[in-house]
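Colleague: Could you walk me through reading a few features of a model, one at a time?

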Amino acid sequence: MTEIEIRGKITKEKFNEVMALMNKDASLKDCYKRLSVDISPGFNEVDRSWQNVSGVDLRIKKSGSKEKISAKMGNFNDKEREELDIKLEEGQILETIKMFVRLGLGKGMIYQWESWEFDFEDFEVKLSKYTDDYYTFEIESGTGKNDPDDLTKKLGLVPYSDEEYKEAIVWENRNIHQLFSIEAVEKILNNWEK
């Protein structure tokens, strides 16, 4: 499957405004707490960045009670990327992560946030809260025929430029997310609320 999506950062006020519009005019598709373990190749623990020449982002994710392995191919800032997902049974995430660690993919980052996904005008709109003052949006074309940029303009949202997206990732990795370790994942899972 090829995703056509764009993303950006929004203020708390704009988040609340768009959330109110979605609650009024859109269909809620899903809401969940997300744990994402990014063990993509080429991670540098010192500066918390990737020199990933493979072009593959590899993540093991838990969204509420749903778990999966997700691989995206292409540059992280491409508007269109191929994505492959393998669904896991609930409770398999930790063993899956341990398997990848044994295969040599033991470095990376742990991301956590809360998301609300809506179906709106043939698009999927995802609003995410990382902290009480850090929010983002993603807009994905539902059919691949519509351009997500059109909806961002309509909603008054501004997607990241390539450089802004790189800067956002660096900032988030240094200020919000944590370095990967099995122990850190176990602690998160022990306190997990569905």
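Predicted model: local features only at pLDDT ≥ 70, side-chain atom pairs only at ≥ 80, totals over all residues.

Colleague: Let's start with the pocket. Which residues line the second largest pocket?

Modeller: The general idea first: rolling a probe the size of a water molecule over the atoms shows where empty space is left. Here, the second largest pocket holds about 170 Å³ of space. Its lining consists of Gly8, Lys9, Tyr134, Val158, Pro159, Tyr160, Glu164, Glu167, Ala168 and Trp171. Strand E1 (2-10) and helix H4 (162-175) are the elements that supply two or more of those residues.

Colleague: Which element gives the most to that lining?

Modeller: H4 does, with 4 residues. Sorted by class, the lining of this pocket comes out as 6 nonpolar, 1 polar and 3 charged residues.

Colleague: On to helix packing. At what angle do helix H2 and helix H5 pack?

Modeller: For helices, you look at the angle between their N-to-C directions, and over 145 degrees counts as roughly antiparallel. Helix H2 (residues 93-102) and helix H5 (residues 182-190) pack at about 175°, and their axes are 11 Å apart. That is why H2 and H5 are called roughly antiparallel to each other. On the H2 side the contact uses Ile93, Leu94, Ile97, Lys98 and Val101, while H5 brings in Ile182, Val185, Glu186 and Leu189. Of the residues in this contact, 7 are nonpolar, none are polar and 2 are charged.

Colleague: Now phenylalanine 100: buried or exposed?

Modeller: The cut-off for buried is under 20% relative accessible area. Phenylalanine 100 has 13% relative accessibility, so this residue counts as buried. Phenylalanine 100 sits in helix H2. Leaving aside residues up to four places away in sequence, phenylalanine 100 touches Ile39, Leu58, Ile60, Ile69 and Leu105.

Colleague: Last one, backbone angles. What is the phi of arginine 48?

Modeller: Arginine 48 isn't a glycine, yet its phi is positive, about 55°. You'll find arginine 48 in the loop between strand E3 (43-44) and strand E4 (49-50). With a relative accessible area of 21%, arginine 48 is partly exposed.

Colleague: And where does glutamate 121 lie?

Modeller: Glutamate 121 is in the loop between strand E8 (109-120) and strand E9 (123-131). Glutamate 121 has a positive phi of about 50°, although this residue is not a glycine. At 42% relative accessibility, glutamate 121 counts as partly exposed.

Key. Residues numbered from 1 in each chain as written. Heavy atoms only, no water. 1 Å grid on protein atoms, 1.4 Å probe; cavity = no way out; pocket = protein on both sides within 12 Å on 5 of 7 lines; lining within 4 Å. Points joined across faces, edges and corners; volume = space filled by probe spheres on them. Nonpolar A, V, L, I, M, F, W, Y, C, P; charged D, E, K, R; others polar. Axes fitted to C-alpha atoms, helices over the stretch in contact; angles between N-to-C directions. Parallel < 35°, antiparallel > 145°, perpendicular 65-115°, else oblique. Contact = heavy atoms within 4.5 Å. Buried < 20%, exposed > 50% of the residue type's maximum accessible area, 1.4 Å probe, protein only.
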